Protein chains: 2
Amino acid sequence: MKTEIIAVGTELLLGQIANTNAQFLSSELAAAGFHVYHHTAVGDNSQRLRSVMEHAASRSDCIILTGGLGPTKDDLTKETAAEYIGTTLAYHAESLEAIIEHYKKTGKEMSENNKKQALVIEGSFVLPNDKGMAPGMIACHDGKVWMLLPGPPSEMKHMFQTYGLPKLLETGRREPVKSRVLRFFGIGESMLETKIADLIEHQSNPTIAPLAGEHEVTLRLSARFSIDAEAKKALDEAEKKILERVGEFYYGHGESTLEAMLLESLIQSSATVSAAESLTGGWFGKALTDAAGASKAFSGSAVVYNNEMKQRMLGVKPETLEQFGAVSPECAAEMAEGIRSLTGTSYGISFTGAAGPDSDGSAAPGTVYVGIASSAGTKVLSLQLAGSRSRIRALTVKHGMFALWQMVKKGQ
Amino acid sequence: MKTEIIAVGTELLLGQIANTNAQFLSSELAAAGFHVYHHTAVGDNSQRLRSVMEHAASRSDCIILTGGLGPTKDDLTKETAAEYIGTTLAYHAESLEAIIEHYKKTGKEMSENNKKQALVIEGSFVLPNDKGMAPGMIACHDGKVWMLLPGPPSEMKHMFQTYGLPKLLETGRREPVKSRVLRFFGIGESMLETKIADLIEHQSNPTIAPLAGEHEVTLRLSARFSIDAEAKKALDEAEKKILERVGEFYYGHGESTLEAMLLESLIQSSATVSAAESLTGGWFGKALTDAAGASKAFSGSAVVYNNEMKQRMLGVKPETLEQFGAVSPECAAEMAEGIRSLTGTSYGISFTGAAGPDSDGSAAPGTVYVGIASSAGTKVLSLQLAGSRSRIRALTVKHGMFALWQMVKKGQ
């Protein structure tokens, strides 16, 4: 079933908010096997909305509208839809009661325009709003399904998942799709694609689609089979073929993050880590503690943003700083060893380098060293990164996490 | 000039990413006086893109496309645009050189498909890509302006601001608008709106529009005057009225960030800061070092993610931890004093608290203490924050920055 999403609201066209509703709905619809081919955003203008609706009806089977169901004058989605369908609006008794009840409960005065929220398209299925006041609705017209949802994301999401999607699934006009996302680090999108070009080309079920993420690349495998076990088998086979080529860059499925994979592997190995951060200013620790439970494996960091701190907190030798500078493999090694011995963790990881944009004369921006100290000794990773200050710092943290994760996995 | 934005990429229709590019462009275009009436997102499919382009040309004067300029086979925006316009693609020598140079510099192997990025529409203005490889372009056809921008937000934003928008402004078909954004912290959107409701209501030039941002609120003032000095005067007057009401929560204009304001005030006062981070795991240091030049005022942090580290690195007393726990004003004070004496900075700031989602039994999630030690003594801020782990941590860092910024400004 060809589906499209229309977001209604001038705030979108002014750039005051991003259309995250379309993202949420698309992700839910894709997972449920619906094909979404278009997103549109249009302002609170009846004439333009009408024209967008007509265009949508000419190319899609199911049109989902978000926004414009509220109490104010510029909320006009259902009015426009009713007119387009050739019907009128009528009060929905339960919704009206719920609105009056809400104002009683909160002790606030109800302005007259709030009642307008209880109006629905005559003959439509009403979708209750458990998180707010304006109900949603599904109207069928001319063989097309029209779903109207409220704009506030918390109301819209709950309504869609609880009432809207189940209703759509009843229509049965969809192809079941199973998909799987593979995540890679340390390889560019074009190189990844080149290495598996023949697989992408010759693979039609599942299809393989690369996507460049934030300093990472993902592959989405999408399989269409009526039997779940067959889809799984096809996905497993495609994944195996892909990983034979580029497995060294692979780190996880789905919504996995490098920090979560690292944390998990540390906890599984009963290992701990501490960090010595210069260039990254605390980013490694921040990222590792984004997830709850990080204290099981992460003890802490010394953020040493100048040479004095490197000496005072980590015992980096003055001779090392003088002879090689702070941006050097030697300094990275001493930092990693220094934090490991200070904290007594299994691993000590260090980050030093020049992030730019300006050079201090000693090291070119993008020159980065990551040290990892463990009972097996100390390794230093030399990196030459390009791009903005922010990109260099973000990539540095990811390189460190990826390298440490590989060591922990191998029990090094 | 009627403008619309078309985002190209199947990842949008699958809900893998939100269309933040349309938000950014809309906000920039609105500020520059262009009217945006439609956003569309369409997949990597030449036929559907062509159809969307035709529809856009039927209703808009200027069409901005984002995405699909990359090296892979499913990148087909410029191919489709060239075909639509009735012309061909040709190599742009500078862009090709820059791509080859990039690979030389990073020492990576260049796959053949990367060259494709240097192809541009014959006869178009080329927009250089300073942050990536694929150039953008502006093509004029049939009285319409077509601008093609890359999909990755960092590349797109820089290209649009540096090369795209100035070119559009040359067309002159717009209403001059001067706008100013005021940034607030520590006050909610509805409270801010309530406090200045009468100003918002009665003010038509400039208009005043509140917008909730990430843990902050902004007000956008937009003035329409043909003479710049008049616009400035009206903006100044409106700002003065607003700050009389809510000035205590105001911290900066435009793209200012709390971290940049704090860094600037520290440097101006020749003051320095170091941090003791538990709850925030390094986030304060990470945020402060996002900007270049942070080393002038930031020495470093001790990230002390367990009690042992708090004692070992910062000299927090075992009795304090036993009697009051790590999440206590007493611990926050000792952490702030500990890092200040360890580093010898003017200020020591500390962060301790429970971010959740689970409680360890000793402190409820959202209980947060921020300590600030200076030559004038030690202050502890008690916070009770609500929301997700990520929100609690982000707000903690911002509260600390805002409080420290106010102290530094007052010379405390």
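## Basis of the description

A residue is called buried under 20% relative accessible area, exposed over 50% and partly exposed in between, with a 1.4 Å probe and protein chains only. This is a predicted model, in which local features need pLDDT of at least 70 and side-chain atom pairs count only at pLDDT 80 or more, while totals for chains, interfaces and linings use all residues. Residues are numbered from 1 along each chain as its sequence is written, chains are lettered from A and ligands numbered from 1 in the order in which they are written, and side-chain values use heavy atoms, with hydrogens and water left out.

## Overall form of chain A

Chain A contains 15 helices and 17 strands; these are DSSP runs numbered from the N terminus, with helices (H or I) of at least four residues and strands (E) of at least two. Its radius of gyration is 28 Å, well over the 22 Å that the globule rule gives for 412 residues, so chain A is more spread out than a compact globule. The radius is taken over C-alpha atoms, and the rule is 2.2 Å times the number of residues to the power 0.38. The C-alpha trace of chain A spans about 85 × 55 × 40 Å along its principal axes.

Of the 412 residues in chain A, 55% are buried. A contact means heavy atoms within 4.5 Å. Among contacts in chain A with a separation of 6 or more, 66% come from residues 24 or more positions apart.

A nonpolar core is a set of buried Ala, Val, Leu, Ile, Met, Phe, Trp, Tyr and Cys residues joined through side-chain atoms within 4.5 Å. The largest such core has 80 residues, and A:F284 and B:F284 have the most contacts inside it.

In chain A, helix α10 covers residues 258-268, and its buried residues are A:L258, A:M261, A:L262, A:L263, A:S265 and A:L266. An α-helix has 3.6 residues a turn, so residues three or four places apart point the same way. The cover over the buried residues of α10(A) includes β12 (250-253), β13 (273-277), α11 (283-288), β15 (347-353) and α15 (389-410) of chain A. Just after α10(A), A:S270 takes a positive phi of about 50°.

## The loop between β7 and β8

A:D142 lies in the loop between β7 (136-141) and β8 (144-149) of chain A. Its phi is near 60°, a positive value in a residue other than glycine. A:D142 is exposed, with a relative accessible area of 67%.

In chain B, B:D142 is placed in the loop between β7 (136-141) and β8 (144-149). B:D142 has a positive phi of about 60° although it is not a glycine, and its relative accessible area of 67% makes it exposed.

## Two further sites

A:V380 belongs to strand β17 (residues 377-384) of chain A and, at 32% relative accessibility, counts as partly exposed. A:V380 and A:A333 are 47 residues apart in sequence, yet 6.4 Å apart in space, C-alpha to C-alpha. Leaving aside neighbours within four places in sequence, A:V380 is in contact with A:P329, A:A332, A:A333, A:Y369, A:V370 and A:G371.

B:N21 sits in helix α2 (residues 20-31) of chain B. With a relative accessible area of 8%, B:N21 is buried. Apart from neighbours within four places in sequence, B:N21 is in contact with B:T66, B:P150, B:G151, B:P153 and B:M156.
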